[in-house]
Amino acid sequence: MERGWGEVMERPLTQHIRKDGRPLTLKEYEAVGGYQALRKMLKLTPKEVQTLVKDSNLRGRGGAGFSTGLKWSFVPLDTPKPKYLITNADEMEPGTFKDRILLESTPHQLIEGMIIAAYAIQANISYVYLRWAYKTAAQAILSAIDEAMAKGYLGNNILGSGYDLEMHLHTGVGRYMCGEETALLNSLEGKRATPRAKPPFPQVSGLYGRPTIVNNVETLCCLPHIVNKGAEWFQKLSLTGDAGTKLYGVSGKVKKPGAWELPMGVTLRELIEEHAGGMQDGFKFRGALPGGASTDFLVEEHLDVKMDYTSVAAAGSRLGTGTVVILDDKTCPVGFVENLEHFFAQESCGFCTPCREGLPWVEKILSAIDSGEGKINDLKLLEHHTKFLGPGNTFCAFAPGAMEPLQSALKYFRADFEKHIHEHRCPY
Amino acid sequence: MVTIYIDHKPYTVNPGKNLLETCLTLGFDLPYFCWHPALGSVGACRQCAIKMFRDGDDKQGRLVMSCMEPVANNQRISIMDPMAVDFREGVIEWLMTNHPHDCAVCDEGGSCHLQDMTVMTGHAYRRFTFKKRTHVNQDLGPFINHEMNRCIQCYRCVRFYKDYAGGEDLDVFASKSNVYFGRSEPGILESEFSGNLSEVCPTGVFTDKTLKQHYTRKWDLTMAPTICQHCSLGCNIIAGERYGDLRMIANRYHGEINGYFICDRGRFGYEFVNSPNRILQPQHMGQPIDSDKAINEISELIKQSNVIGIGSPRASLESNYALKKLVGDSNFYKGVSKQEQALTELAVSILKEGTVRTPSMKETEKADAVFILGEDLTNTAPMLALAVRQSVKQQPMQEVNKLAVPEWNDAAAREIIQDKKGPLFVATVAETKLDTIASKTFRAAPQDIARLGFAVANLIDSSAPNLSNLSEEEKTLAELIAKSLLASERPVIISGTSCQSDSVLKAAANVASALQKRNKNTGIVLTLPECNSVGLSVMGGLALHDAFEKVKNSKADAVIILENDLYRHGSAKVVDAFLSKCKSVIVIDHSQHATTTKGQWLIPAGTFAEADGTLVNNEGRAQRFFQVYEKANVKESWRWLSSIGSAAGNAIMQPWKNFDSITAALSQEEKNFNGIEKVSLSADFRMHDGQRVPREPHRYSGRTSMLANVAVSEPKPPEDLDSGMSYTMEGTRALPPSSMIPFFWSPGWNSVQSVNKYQEEVGAALRGGDPGIRLFEASGKQSSYFTNVPEKFKPVENKLWGVPIHHIFGSEELSAKGAAVSNRVPLPYLLLSKEDAAKLKLTEGEAIEFEIDEQGFKLPVKLCATISTGVAGLPVGLPGLSFIELSSWGVIRSLK
């Protein structure tokens, strides 16, 4: 964990992370103010908690950027039990590793956040749906749940409040699709990880057909701090209109790849040049996926875009998970995109036609182009797919996400594609 | 009704539907795959994309899947929008990337929904230049062929097999472009409804394996509308012939009975028609004899004899009626065992004279509470079991309605409902396949099943007879059942004759009558032994044992046996004695059996495929079946009998020239059948342009050459004297009357999906109304309760109470004669409770001799965890198990 930012900046989510990476024990977490937010929150009504979080302008950190408080408000409060809160910790977006840091080092922060969220919607059962490969995190969460149970932060009548919450860890089997919230629900129920029809949204009919909220790890980790310090404080952490801090990451040919908690709205240039130490010697920046594999490329002209939901969207991409993947000038953009589309074609759940059949076709075309067997008409076919695998045409957002890097690569790196085709080889 | 605009034109449509079914109902050709009218929408294939506009000013619009969008007032959509058209073509292009180009050798070719949709979208040029993925196929048993490479992943197969029919051994495996539909390992598909996969699958993954044995394109078949002969429900089917063989059975949509599906016995049980054991020539003393000579000699013979006639519950009304008229009312016998006759009469009197109406199968699907007494429906009336499987979704569906999710949105509804099931109570002798969806099951001897029913009736209405000494468990269960039935809006009580207990039928009637007093929407459904049990019972006749007596007492010396194996209705000893006492035995039937071997005269009757006739199903609905093809020397039994009667100078029968004249006589002479001639249109019927309805599609090929090896000139096609259909492709190619649909076809729709074009509204009644006429409705004449509550079953030391166990494959006579079904017939056994087996020191599979009804049977023991102690289950009709008068006491003799 790289922590190069000046002490003046507040880093509520990561400030207590230990240098050795070992998770904070309950005692250690309590010593830095842990579970104080829980005590404070239990004095509020669920509606008050919801209002607080709505006022804080917290937006979901899983990638969609939907208002967390608003999402909660769709859960009927007077409905019969059970209701569920689920943490989406199935972090499998290529290039993304921000939740892993929080899971491995401050599991209690997540648990406290989960209790707050569960209370706000009056859920009594909660799950952490964890990526299969996050073995260290699994251990950390299991011990933290045990500790929290023993201390009375979980279980029946939490801190004498009369509120009950049980919490379970569920590990997936390593399918990207399980990160889609409704496919996650199916997977958690033991069914095939295919997405569900919406409406009804999980807020009214989710796990086992009951009202359910699925929140991202980082989103939930913000909650104890919002409860402790208030909505206004949280909004002021940001440099822009989208509130809070954000865990940003950079990977690729930079000097210091890593992840950092920074105020929401730092520029892409700052991220790369200051925090990631700039490009490695001999490599030039050509473009970047700002928020994981399923976001559109940003290029040179976008370096001063503020990395928040609104600004990145205005630049034609999405903030996504906020973890930047950099394309340099020595890497073939066709090969780069082919690699991504291979991933998406492999991870498609196979439920709807465009995604199941379109993605392998895209992958095969890219592979042909990359190996010098492409034809100029192939670019038309690729464009056909970027159009027809767009939002609304497929059952869920998976294939549209897969088309984002492709459509922007065709826009910004078209010459590279054409060169491959004309020279019948990869020029890189 | 609301108004929607499709490509700028206003249409008045039903709200509550989705846009796909609405467009189809309006007659638009909108392609689709994953949607199915009975299975609802899931939005998987993306084939039915259309454009939807916010309002009149929105010129851009957005693509939506019409199957997932509810109709809304003033909605503006476009089917012809260029982007929607392109996208739909694109979906086919995607599906074709992996679909093999094997139409020429594919069984589905020519009746393939994928072919139709491909043509409809205009996709013709292949841009995908890479290799296709391939799969390994599985052997799925004798009914269904598997060719996974053709799969387009519409998910309909698993949605039908698992979600709709409750099957557990077909599933979807793997992911991405490698999704696989099959079993976890090769093996026989366990579901009794597996054959529907061949119609549910939009292409050639799942096809009819029996058709493959003698394959013919659908367009090369001569087809006719007919009625399934293999149980009492009367499902509507289509039968297809070529080269004198019956090639296949397909579902024929009937909005009130079978809807889109039939069971495997109905679909694959047809092979007896092609069996080498058919009787295809009149025979006298084992020697072939000319038809006219046979008619003359038999007519002489009956003039000189005291002849009696034995009818049949599997023969048509017309055939039974003709026999009755030939021998005279006082010489006509129903041809079923004493017990079967009593039970059938009781059941029919409950249906006709009781206070409670019989709902159709469609209505039973919508029941929100079901109580089954004594019937293992999956094995006695399989399609009714499928209806019950839908009924348990009714109560949970209220949750779906509450969330304002339309019921057709299967993807969403299923997740809301999850595993929740509405009330279903199954009280049977042993376990049934419906147990897994039942709220509670009850296992007992028939007497105790009846007692449970009487108790429930009494709890619902205290004026119903009371009974004492129920166990605590029974009391609690009866209370729960009564409570659930009372709390429901559309309760249905189901029972039948299969457990051979009049008490069970009476108990079911009492429960229904008691409920009826509180809820007018109550229904009672009874199943009967054979396809025309109700018809025969309503026609009336004397009991079979009276026929035996009459011959024994030398009051008769000749017998005409109509389509009936007496050895299935009486013990070998009794039937042997009867037949050997008769001087003349004339058997009219289509297939050989134990009785035909004793006949001096054998007359070749047509099977349903070679005959016209009327059957009355378990709801009292009379339905016409039409002859599919002509077979030399083979005629309907009623035609033989009319000829014999005419030759013998029978005044009533002399004017009978065709089907119409015999139904006219039946209608006039038998008041129970007044109006029966209206069940179908007369033989004079012609389409608007004066032509007949063709039995063959216009693409029928080979007509001039298929008999060229016999004679080079084309023979004159047979003429149909009995209906307004032609035996060829000549005729009017337009929508025929609903009772006369020989096959489903519409321009551009060559697959069975074309049924949409035959319905008033997708999924509703056929245009012109679903065919068939109910002969009666519950009259309420018998409004009092049955009072004779049986005594509690008491096991007897060293004895076992024999009860019948039914098998979908094996218990029914005709289907078991075919190759595919006979493959699925289990070996006979004696079903014993584990306790009794332990007491008798018997283990699973051990051979014993069981003595019952004065007969001895060598059988292996099969252990059962649920059957009551003191009771032994005997599988009905399996090879080696002749007729046994159940229920009665039997004794086990160990062979050790």
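## A tour of chains B and A

Start with chain B, which has 25 helices and 35 strands; these are DSSP runs numbered from the N terminus, with helices being H or I over at least four residues and strands being E over at least two. This is a predicted model, in which local features need pLDDT of at least 70 and side-chain atom pairs count only at pLDDT 80 or more, while totals for chains, interfaces and linings use all residues. Residues are numbered from 1 along each chain as its sequence is written, and chains are lettered from A and ligands numbered from 1 in the order in which they are written.

**Chain B as a whole**

Show the C-alpha trace of chain B. Its C-alpha atoms fill a box of roughly 90 × 75 × 55 Å along the principal axes. For 896 residues, a compact globule would have a radius of gyration near 29 Å, and the 28 Å of chain B agrees with that. The radius is taken over C-alpha atoms, and the globule rule is 2.2 Å times the number of residues to the power 0.38.

Of the 896 residues, 58% count as buried. Buried means that 20 or more other C-beta atoms lie within 10 Å of the residue's own; 12 or fewer means exposed, anything in between means partly exposed, and C-beta atoms are placed from the backbone. Among contacts in chain B between residues at least 6 apart in sequence, 74% join residues at least 24 apart. Two residues are in contact if their C-beta atoms, placed from the backbone, lie within 7 Å.

**Select B:Ser66**

B:Ser66 is in the loop between β4 (62–65) and β5 (75–78) of chain B. It counts as buried because 27 C-beta neighbours lie inside 10 Å. Not counting residues up to four places away in sequence, B:Ser66 touches B:Asn18, B:Leu19, B:Leu20, B:Cys23, B:Leu30, B:Cys48 and B:Ile50. For a distance check, pick B:Met52: 14 residues apart along the chain, the C-alpha atoms of B:Ser66 and B:Met52 are separated by 9.0 Å.

**Select B:Asp245**

B:Asp245 lies in strand β12 (residues 245–251) of chain B. It has 16 C-beta neighbours inside 10 Å and therefore counts as partly exposed. Leaving aside neighbours within four places in sequence, B:Asp245 is in contact with B:His214 and B:Asn274.

**Where chain B meets chain A**

Now show both chains. The contact takes 33 residues from chain B and 29 residues from chain A. On the chain B side, β4, α2 (82–98) and α15 (410–417) each supply at least two residues, and the largest share, 7 residues, comes from α2(B). By class, the side of chain B that touches chain A has 19 nonpolar, 9 polar and 5 charged residues. Ala, Val, Leu, Ile, Met, Phe, Trp, Tyr, Cys and Pro count as nonpolar, Asp, Glu, Lys and Arg as charged, and the others, Gly among them, as polar.

**Helix pairs in chain A**

Select α6 (residues 107–121) and α7 (residues 135–151) of chain A, which pack at an angle of about 60 degrees with their axes 9 Å apart. Axes are lines fitted to C-alpha atoms, for helices over the stretch in contact, and angles run from 0 to 180 degrees between N-to-C directions. The two helices are therefore oblique to each other; angles under 35 degrees count as roughly parallel, over 145 as roughly antiparallel, 65 to 115 as roughly perpendicular and the rest as oblique. A:Pro107, A:His108 and A:Ile111 of α6(A) make the contact with A:Ala140, A:Ile141, A:Ala144, A:Ile145 and A:Ala148 of α7(A). These residues divide into 7 nonpolar, 1 polar and no charged.

Next, select α14 (residues 353–370) and α16 (residues 398–412) of chain A. They pack at about 25 degrees, with axes 10 Å apart, which makes α14(A) roughly parallel to α16(A). A:Pro354, A:Cys355, A:Gly358, A:Leu359 and A:Val362 in α14(A) meet A:Phe398, A:Ala399, A:Ala402 and A:Leu406 in α16(A).
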